[in-house]
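Keep the viewer open and follow along.

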Amino acid sequence: MVTTPTGSPVAMVHANNSASDLSAWVKLFSQFSKMIGSNISTSELYQVLFNTALTEAEPDAGGLSGYGYYSGENITVVPEGRPLLVRQPDSEFTIGNLMRFHFFTAFGAIKIGMRILSDEKVLTDNIVAQGGVFKTPIVAQKLLAAALNTDITVMKTAGEGGPWGMAVLSLYTINKKTTQTLDDFLDNNVFINEKYETLSPEPEDVQGFEQFMERYVAGLDIELTAIKALPSKKEKE
């Protein structure tokens with residue numbers, strides 16, 4: 001049984017893979033920028049590339065598909081990871097579509113898990129998103145809203161990870177009033193002045209993501225075939 005720190009039950013969708021492959025591609029572009037003498041910083045490069053996913057991309061990522069699987073994925077029943085980019089001859093292979101594809105595939109397994117929750121009558125009207133991809137404003141938030149077809153709220157602290165949350169729990173343990181609940185401490189001590197922004201999904205983006213998901217689900221056999229055809233180093237040994 002999974003619960004919140006205060007004991008409320010949690011309906012959890014747990015995906016093993018997220019934005020690791022996206023970061024790998026940004027690293028590749030960083031190497032290229034250095035090769036041509038550019039002094040662009042890593043944070044600036046992330047912003048430039050991420051923004052193309054909104055300004056220079058088609059709603060469905062131009063027909064691109066694939067899987068950012070560095071490890072197996074329990075939701076899609078894939079035992080091992082083989083990062084894959086798959087495109088057809090008529091796919092629009094642009095930087096914008098490439099970036100949008102990587103966001104979409106990062107959310108693909110989560111989307112399938114959320115469909116399962118929806119079938120179980122667990123519905124959402126707003127999700128508070130957190131993670132490094134949200135450090136660049138709007139982009140990941142807007143595309144996650146499209147993927148899950150629900151409002152997405154991002155706080156100023158969204159780029160902080162689990163250690164920050166553990167620090168907050170420690171702060172509560174040390175500084176709480178005698179009868180103060182964690183919910184009250186979070187509302188009145190931690191997040192009382194927190195800045196946040198909520199974005200709603202846009203129909204064109206939702207439709208584009210659904211088109212991507214059709215390819216994502218239909219192409220899972222490609223991922224399974226890659227596992228068989230390209231053994232891991234451990235299997236070779």
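Start with A61, which counts as buried at 0% relative accessibility; buried here means under 20% relative accessible area, exposed means over 50%, and partly exposed is in between (1.4 Å probe, protein chains only). A61 sits in the loop between α2 and β1 (65–67). Helices (H or I, at least four residues) and strands (E, at least two) are DSSP runs, numbered from the N terminus. The phi of A61 is near 65°, a positive value in a residue other than glycine. Most residues other than glycine have a negative phi.

A quick word on ground rules: this is a predicted model, so local features need pLDDT of at least 70 and side-chain atom pairs count only at pLDDT 80 or more, while totals for chains, interfaces and linings use all residues. Residues are numbered from 1 along each chain as its sequence is written, and side-chain values use heavy atoms, with hydrogens and water left out.

K121 also has a positive phi, about 70°, although K121 is not a glycine. Its loop runs between α3 and β3. Is K121 buried or exposed? K121 is exposed, with a relative accessible area of 69%.

Axes are lines fitted to C-alpha atoms, for helices over the stretch in contact, and angles run from 0 to 180 degrees between N-to-C directions. Angles under 35 degrees count as roughly parallel, over 145 as roughly antiparallel, 65 to 115 as roughly perpendicular and the rest as oblique. Contact means heavy atoms within 4.5 Å. For residue classes, Ala, Val, Leu, Ile, Met, Phe, Trp, Tyr, Cys and Pro count as nonpolar, Asp, Glu, Lys and Arg as charged, and the others, Gly among them, as polar.

| Helix pair | Axis separation | Crossing angle |
|---|---|---|
| α2 and α3 | 7 Å | about 95° |
| α5 and α6 | within 11 Å | roughly 105° |

At that angle, α2 is roughly perpendicular to α3. On the α2 side the contact uses L49, F50, T52, A53 and L54, which meet I95, G96, M99, R100 and F103 in α3. The residues of this α2 and α3 contact split into seven nonpolar, two polar and one charged.

The helices α5 and α6 are likewise roughly perpendicular to each other. Here W164, V168, L169, L171 and Y172 from α5 meet L182, F185, L186 and V190 from α6. The α5 and α6 contact has nine nonpolar residues, with no polar and no charged ones.

L186 is a handy one to select; you'll find it in helix α6 (residues 182–190). Beyond residues up to four places away in sequence, L186 touches V168, F191 and I192. V168 is 18 residues from L186 in sequence, and their C-alpha atoms are 8.5 Å apart.

**The cores**

A nonpolar core is a set of buried Ala, Val, Leu, Ile, Met, Phe, Trp, Tyr and Cys residues joined through side-chain atoms within 4.5 Å. Which residues have the most contacts inside the largest one? They are F103, V133, F134 and Y216, in a core of 45 residues. At least two residues each come from several elements, including α1 (20–35), α4 (139–148) and α7 (203–218). The largest share, 11 residues, is from α3. Apart from this core lies another of five residues, among them V168, L182, F185 and L186. In soluble globular proteins, nonpolar side chains tend to be buried together.

Three strands form an open sheet in the order β3-β4-β5, with mixed pairing. Two strands pair if DSSP finds at least two bridges between them. β3 and β5 (196–199) are at the edges with a single partner strand each, so one side of each has no neighbour in the sheet. From one strand to the next, the twist averages 25°. β3 and β4 run parallel, joined by four bridges, and I127 has I152 in β4 as its bridge partner.

Finish at I138, in the loop between β3 and α4. I138 is partly exposed, at 31% relative accessible area. Leaving aside neighbours within four places in sequence, I138 is in contact with L54, E197 and L199. L199 is 61 residues from I138 along the chain, with 8.3 Å between their C-alpha atoms.
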